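Subject: Structure handover

Hello,

I am handing this structure over to you. Please look through it first; my notes on what was found follow below.

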Amino acid sequence: MFINSFIGSFMLDSKFRIQNSMDIKKILQNTLLPPLDAELLLSRTLKKPREYLFIHPEKKLTKNQIVKFNNFSKRRVKGEPIAYLFGKKEFYGLEFLVNKNVLIPRPETELLVEAALREIMNKESGIKNIVDVGTGSGNIIISIIKNIPRRIREKINFSATDISEKALHVAKKNAKKHKIDEYIKFIKSDLLEFASQRKLKGNVIIVANLPYVSKNSYQKHKDNLKYEPKTALISEKNGLEYYVRLIRKIGKIRKSGRSGQVLAFFEISPEQKKGISEIIGQALPPAKIRFFKDLSGKTRVVKIDK
Ligand SMILES: C[S@@+](CC[C@H](N)C(=O)[O-])C[C@H]1O[C@@H](n2cnc3c(N)ncnc32)[C@H](O)[C@@H]1O
């Protein structure tokens, strides 16, 4: 990260630390953090909104507040994401608890939620099961449920899986926080393996934002990603290993003589468009594929419809 490269440990240990006598204005002038970061850390330290900093520039921090701010700053300068410092992140207009065991929800994943919601609202009564595979903080499934009217919600079974017990713990806490924990079955499972025992009846929607960062790409972006769990990010086979396995499993579910449709929405990286099309073409012929682009025109979501 840029700031890492120019703030050496000497600066951090001496000049960087905020001294007792400093007021808000002086802190903001003296900090080596980018201005927005400094403002966010300071307002969090003071438990006040950001505007407070500009209305009360003369306010001096207490000793405890200075210790807290210096601690936040030190962690931030080393590259720790603000979401981990604060233990929360906003996604789809909702606040989610996060810690080092879960990926920090990304704005681009909102496109997946939007696409799935459109499908659910179109099919109103037809969908019996919605499964979020690799739920992490639970951001996708919780955002979906919170945006479905109660009368439709009541008719659907929602499940969320993750291979990580610790991630499921965070997801459960988020479901409680948003008062929808009664709707979701959280299942520790390798992808959709649980579906071998518990049959998914009727029309099913599968949503997944599985690890899709290739090893090469991870090496390139390591500085930005090093605080997040590798198990939430890296995937073999150019980032597509998990999707290959999940698509094969969907194929098996469909061949098991069940009635009803299986639709899937996956988040991918733009350069995986061709690769994922080929995999779907081989494993699920003759599936219909549709891609969704984000606001910057990049392909982010694939919908599989059979
Ligand atoms: C990219 S993160 C996405 C988290 C969250 N859904 C989101 O959109 O922010 C991928 C998640 O998949 C989980 N995961 C990795 N391998 C898995 C597997 N084999 N089966 C189920 N979940 C897995 C990780 O633990 C992680 O929580």
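What percentage of the 306 residues of the protein count as buried? The figure is 49%, where buried means under 20% relative accessible area, exposed over 50%, and partly exposed in between (1.4 Å probe, protein chains only).

Two remarks on how to read the values. This is a predicted model, in which local features need pLDDT of at least 70 and side-chain atom pairs count only at pLDDT 80 or more, while totals for chains, interfaces and linings use all residues. Residues are numbered from 1 along each chain as its sequence is written, and side-chain values use heavy atoms, with hydrogens and water left out.

Overall layout

The protein has 14 helices and 9 strands; these are DSSP runs numbered from the N terminus (helices are H or I, at least four residues; strands are E, at least two). Along the principal axes, the C-alpha atoms fill a box of roughly 75 × 45 × 35 Å. The domain assignment gives domain 1 (2–79) and domain 2 (89–305), with bounds that come from an automatic or database domain assignment. Between the C-alpha centres of domain 1 and domain 2 there are 38 Å.

The ligand

There are 20 residues around the ligand, and Asp162, Asp190, Leu191, Asn209 and Ala232 come nearest. A residue is near a molecule or strand if one of its heavy atoms lies within 4 Å of it. Sorted by class, this shell holds 9 nonpolar, 9 polar and 2 charged residues. Here Ala, Val, Leu, Ile, Met, Phe, Trp, Tyr, Cys and Pro count as nonpolar, Asp, Glu, Lys and Arg as charged, and the others, Gly among them, as polar.

- Asn139: an N or O atom of the side chain is 3.3 Å from an oxygen atom of the ligand.
- Ile163: a backbone N or O atom is 3.2 Å from a nitrogen atom of the ligand.
- Asn209: a polar side-chain atom is 2.9 Å from an oxygen atom of the ligand.

On its own the ligand has 590 Å² of accessible area, and the protein covers 97% of that. Accessible areas come from the Shrake-Rupley method with a 1.4 Å probe; for residues, only the protein chains shown count as cover.

Aromatic pairs

The structure holds 5 aromatic pairs. Rings of Phe, Tyr and Trp (its six-membered ring) pair if their centres lie within 6.5 Å; planes under 30 degrees apart count as stacked, over 60 as edge-to-face and the rest as tilted. One of the pairs is Phe91 with Phe96, which is edge-to-face at 6.2 Å centre to centre and 70° between the planes. Both of these residues, Phe91 and Phe96, are buried. Tyr243 and Phe266 make a stacked pair, because their ring centres are 4.7 Å apart and their planes are at 20°. That pair links distant parts of the chain, with Tyr243 in helix 13 (residues 241–255) and Phe266 in strand 7 (residues 262–267), 23 residues apart. Tyr243 and Phe266 are both buried.

Phe91, Tyr92 and Phe96 form one aromatic cluster. Tyr92 sits in the loop between strand 1 (88–91) and strand 2 (94–97), and counts as partly exposed at 22% relative accessibility.

Backbone points

Most residues other than glycine have a negative phi, and most peptide bonds are trans. Tyr92 has a positive phi, near 50°. Asn238 also has a positive phi, near 55°; Asn238 lies in the loop between helix 12 and helix 13 and is exposed, with a relative accessible area of 64%. The peptide bond from Pro285 to Pro286 is cis, with omega near -5°. Pro286 belongs to the loop between helix 14 (273–283) and strand 8 (288–293).

Glu228 is in the loop between helix 12 (215–225) and helix 13. Why does Glu228 count as buried? Its relative accessibility is 5%. The side chains of Glu228 and Arg106 are joined by a polar contact of 2.8 Å, that is, a pair of N or O atoms within 3.5 Å; within protein, one must be able to donate a hydrogen and the other to accept it, and residues adjacent in sequence count only if both atoms are side-chain atoms. Thr135, in the loop between strand 3 (127–133) and helix 9 (139–146), counts as buried at 3% relative accessibility. Its side chain makes a polar contact of 2.7 Å with the side chain of Asp132.

Regards
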